[in-house]
Amino acid sequence: QVQLVESGGGLVQAGGSLRLSCAASGSIRSINVMGWYRQAPGKQRDMVARITSGGSLNYADSVKGRFTISRDNTKNTVYLQMNSLKPEDTGVYSCNANGYSDFARPFNSWGQGTQVTVSS
């Protein structure tokens with residue numbers, strides 16, 4: 001079983017920055033895609049940014065130029081640097097990872113989520 005633990009959320013004023021981290025642990029053989037998703041109050045959860053093991057990136061249009069996703073494969077950790085934050089970035093940010101655990105079993109795991117609140 002693979003567990004994800006996020007950290008780095010909080011309250012920030014508009015225009016400020018936050019950095020989220022998500023560490024994967026457990027019986028991990030390989031991780032393919034790691035990503036961040038956001039769920040605003042009363043809305044569905046949407047993809048914010050994703051990164052593959054080879055470094056390919058994918059961003060939601062609303063965060064392009066402001067957010068940067070990166071990963072440290074040696075630590076099974078993914079980061080999300082969020083700059084120029086806007087009130088509409090407020091939500092619960094959840095980490096996702098998929099890949100293969102021991103005995104070549106596929107996994108798709110989610111973290112518990114971390115709250116990001118941007119005040120105007």
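Colleague: Is Lys 43 buried or exposed?

Modeller: This is a predicted model, where local features need pLDDT of at least 70, side-chain atom pairs count only at pLDDT 80 or more, and totals for chains, interfaces and linings use all residues. Residues are numbered from 1 along each chain as its sequence is written, and side-chain values use heavy atoms, with hydrogens and water left out. Buried means under 20% relative accessible area, exposed over 50%, partly exposed in between (1.4 Å probe, protein chains only). At a relative accessible area of 59%, Lys 43 is exposed.

Colleague: Where is Lys 43 found?

Modeller: Strands are DSSP runs of E, at least two residues, numbered from the N terminus. Lys 43 is in the loop between strand 4 (28-39) and strand 5 (45-52).

Colleague: How is the aromatic pair of Tyr 37 and Trp 110 classed: stacked, tilted or edge-to-face?

Modeller: Rings of Phe, Tyr and Trp (its six-membered ring) pair if their centres lie within 6.5 Å; planes under 30 degrees apart count as stacked, over 60 as edge-to-face, the rest as tilted. The count is one aromatic pair. Tyr 37 and Trp 110 lie 5.0 Å centre to centre, with 65° between the planes, which is edge-to-face.

Colleague: How many residues apart in sequence are the parts this pair ties together?

Modeller: Tyr 37 is buried at 15% relative accessibility. Trp 110 is partly exposed at 33%. Tyr 37 lies in strand 4 and Trp 110 in strand 10 (residues 106-110), so the parts tied together are apart in sequence by 73 residues.

Colleague: Which residue lies over the face of Trp 110?

Modeller: A charge sits over a ring if NZ of Lys or CZ of Arg is within 6 Å of the ring centre and within 35 degrees of the ring normal. At 3.6 Å from the ring centre of Trp 110 lies Arg 45.

Technical notes
Helix = DSSP H or I, 4+ residues; strand = E, 2+ residues; numbered from the N terminus.
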